[in-house]
Structures are given as structure tokens and as C-alpha cells.
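Please keep the structure in view while reading the points below.

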Amino acid sequence: MGSVLILSDSHGWKQEITEIVSRHTVDKIIHCGDSELDFDAPELEGMHKVRGNCDFDSRFPTEVKVHIDGLNFYIVHGHLHRVKEGLLTLKYRAEEEDADIVCFGHTHIAGAEQIGERIFINPGSIRYPRMRKEATYAIISWDDKRKVQIRFFTVDGNELTDLSLEGKLEK
């Protein structure tokens, strides 16, 4: 029913963003901050995007709430929610926003987990990965029964099956 490409922490890279976006056919694209590009950079055109701690263009919002094909997405970079210390602050904010899917970056650590009724996705960094050697991004897809699949890929487009997650949103 729906699919979204999620990337983060590209730290000035342009060509890699363009290559990743052109590789996949998805409904929407999210950038979770630290692009270090201008808000209206052509590489970010059409994306839902937020401001990271390394973004200096004040036109970036610090959070974005968007409804995509039946799911509520809450998008932040994560530095304002102290995600390097854990997800509790972000979890509370996501509850306030009635989010189904929470997208964030900042830690440069790829991963996805379901916490209660919400799925939290950090696509990792396409430039400076941490905790593993591969630079990563993610794609989430779901069906009309709210069954969700998250897949992670390297910058070159190779799938990393060890990071995959399947879940079901109950609401």
C-alpha cells in the first residue's frame, strides 16, 4: 500500500543522495537531517526533511508530522530528544503526536525496533556509519492491514538482511 525511503546524516554528499533516490521507486522520501545542504538544494527536492545539529539553513523545520497512505510519520533528527542516551524522550514525544512510525538520525547507527504501538527507524548514515562498517539507508513498506516491513541497504544498494524488521501496527 505504501513505501518510504528514509535516509539521514549525508553530511554534504549530493551525488550519493541522487543515486540512492534514483535506484528505488517509492511513494515518499524522508531525510532525517544533517544533510549540510541548503533547504532548497535540488538533491532534497520533494523530500520531507528536518534540521539536524549540523544543518545551518534555518528554513529546515526541527520536526515534521506527515500522514502517508494510512500511517502517521513523526520525523526528527534526534539531537533535541537526546537519542544518543536512549529513546525514552522521543517515545514520549511520538505518543503526543500519535505517530505510527518515528524516523530519526543523529546517532549514525542503523536500526529499527517496535516499541508498543510504534516503530522507530534510524536509517544510519550514508556517509559516516557507526557500529558497523556499511553506510546505510532504509525503506519501509506496508500493506492495508498495517503489516510493516523495514529493509536496510548499503549506499551501493545491497540489502543488509540482518537489519530487517517486520511488524504489525495494531491501532
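The model is a predicted one, and the briefing begins with a serine: S125 sits in the loop that connects strand 8 with strand 9. From there the points move to the strands that pair with one another, and then to the nonpolar cores.

**The surroundings of S125**

- S125 counts as buried because its relative accessibility is 0%, where buried means under 20%.
- A polar atom of the S125 side chain lies 2.7 Å from the backbone oxygen of D9, and a polar atom of that side chain also lies 2.8 Å from the backbone nitrogen of Y128.
- When neighbours within four places in sequence are left aside, the residues in contact with S125 are S8, D9, H108, A135 and T136.

- Five strands make up an open sheet with mixed pairing, in the order 4-5-6-8-7.
- Strand 4 and strand 7 (111-115) are the edge strands of this sheet, each pairing on one side only, and neighbouring strands are turned by 20° against each other on average, direction ignored.
- Strand 4 and strand 5 run antiparallel and are joined by six bridges, in which K65 has Y74 of strand 5 as its bridge partner.
- Helix 2, residues 88-96, lies across strand 4, strand 5, strand 6, strand 7 and strand 8, and runs at about 130° to strand 8.

**Nonpolar cores**

- The largest nonpolar core has 26 residues, and those with the most contacts inside it are F73, I101, I121, I140 and I150.
- Among the elements that give two or more residues to this core are strand 1 (2-7), strand 5 (71-76), strand 8 (118-122) and strand 10 (147-154).
- I121 touches I6, I101, V102, C103, F104, G111, A112, A138, I140, I150 and F152, not counting residues up to four places away in sequence.
- A second, separate core has 16 residues, including L5, I17, I29 and F153.
- In soluble globular proteins, nonpolar side chains tend to be buried together.

Methods: Residues numbered from 1 in each chain as written. Predicted model: local features only at pLDDT ≥ 70, side-chain atom pairs only at ≥ 80, totals over all residues. Heavy atoms only, no water. Core = buried A, V, L, I, M, F, W, Y, C linked by side-chain atoms within 4.5 Å. Buried < 20%, exposed > 50% of the residue type's maximum accessible area, 1.4 Å probe, protein only. Helix = DSSP H or I, 4+ residues; strand = E, 2+ residues; numbered from the N terminus. Contact = heavy atoms within 4.5 Å. Polar contact = N/O pair within 3.5 Å; in protein donor to acceptor, adjacent residues only side chain to side chain. Pairing = 2+ DSSP bridges. Axes fitted to C-alpha atoms, helices over the stretch in contact; angles between N-to-C directions.
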